[in-house]
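Take a look at the fold before reading on. The paragraphs below walk through its strands, helices and a few single residues.

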Amino acid sequence: MAESLFTEDPEPLEHVPAGPLYVPVRPGPMGYAARLCRTPLGCRTAVGFTSEHRLVGALGPGVAWIRLAEPALRALVAPLGVTRITVDPRFAAPNPHAARPHRTDVPDRTAAPAAPFLLRGRAA
């Protein structure tokens, strides 16, 4: 029986560049900034999509985006301490700020009026 000559991991740790990505952005004081997300474990990540259709499918219509190559996206978020890039995430949670109702001056709950303590069986 021949011995295996392969000593390397079958899944290399090197990342293959994804090519030009559709990167969601948000407006900022100096122009646009890449929108950062969190993984299910809470790590910050930059996201990129391989098509506009996939970006709209995950984040909804009306999301601003720019085209960036993966190395450019990595260089953009590296000063922020973000080292993870997620390409074509299947699910993105809805924006929690968009789901909040508008605040009004009327409080949501009203305090119940204080009721006097009544003794049962005794007339006051």
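In which loop does D88 lie? D88 sits in the loop between β6 (85-87) and α3 (96-99). Helices (H or I, at least four residues) and strands (E, at least two) are DSSP runs, numbered from the N terminus. D88 is not a glycine, yet its phi is positive, at about 50°. D88 has a relative accessible area of 18%, so it counts as buried. The cut-offs are these: buried means under 20% relative accessible area, exposed over 50%, and partly exposed in between (1.4 Å probe, protein chains only).

A word on the model itself. This is a predicted model, in which local features need pLDDT of at least 70, side-chain atom pairs count only at pLDDT 80 or more, and totals for chains, interfaces and linings use all residues. Residues are numbered from 1 along each chain as its sequence is written, and side-chain values use heavy atoms, with hydrogens and water left out.

Now the open sheet. Three strands build it, in the order β2-β1-β5, with antiparallel pairing. Its edge strands are β2 (31-34) and β5 (65-69), and each pairs on one side only. Neighbouring strands of this sheet are turned by 50° against each other on average, direction ignored. Two strands pair if DSSP finds at least two bridges between them. Strands of a sheet pair through backbone hydrogen bonds, either parallel or antiparallel.

Follow strand β1 (residues 20-28) next. Five bridges join β1 to β5, and the two run antiparallel. P24 has W65 in β5 as its bridge partner. P20 stands opposite A69 in β5. Towards β2, β1 has four bridges, again antiparallel. Here R26 has A33 in β2 as its bridge partner. A hairpin of two residues links β1 to β2.

Axes are lines fitted to C-alpha atoms, for helices over the stretch in contact, and angles run from 0 to 180 degrees between N-to-C directions.

Turn to the other strands. Three bridges join strand β3 (residues 36-38) to β4, and the pair runs antiparallel. C37 stands opposite T45 in β4. The hairpin of β3 and β4 has five residues between the strands, and in it G42 takes a positive phi near 95°. β4 also has three bridges to β6, this time parallel. V47 has T86 in β6 as its bridge partner. Why is strand β4 (residues 44-48) largely enclosed by the rest of the structure? Because four of its five residues are buried.

Finally, some side chains. C37 has a relative accessibility of 26%, so it counts as partly exposed. C43, at 34%, counts as partly exposed too. A search of the whole structure finds zero disulfides; a disulfide is a pair of cysteine sulfur atoms within 2.5 Å. R67 lies over the face of Y22, at 4.3 Å from the ring centre. A charge sits over a ring if NZ of Lys or CZ of Arg is within 6 Å of the ring centre and within 35 degrees of the ring normal.
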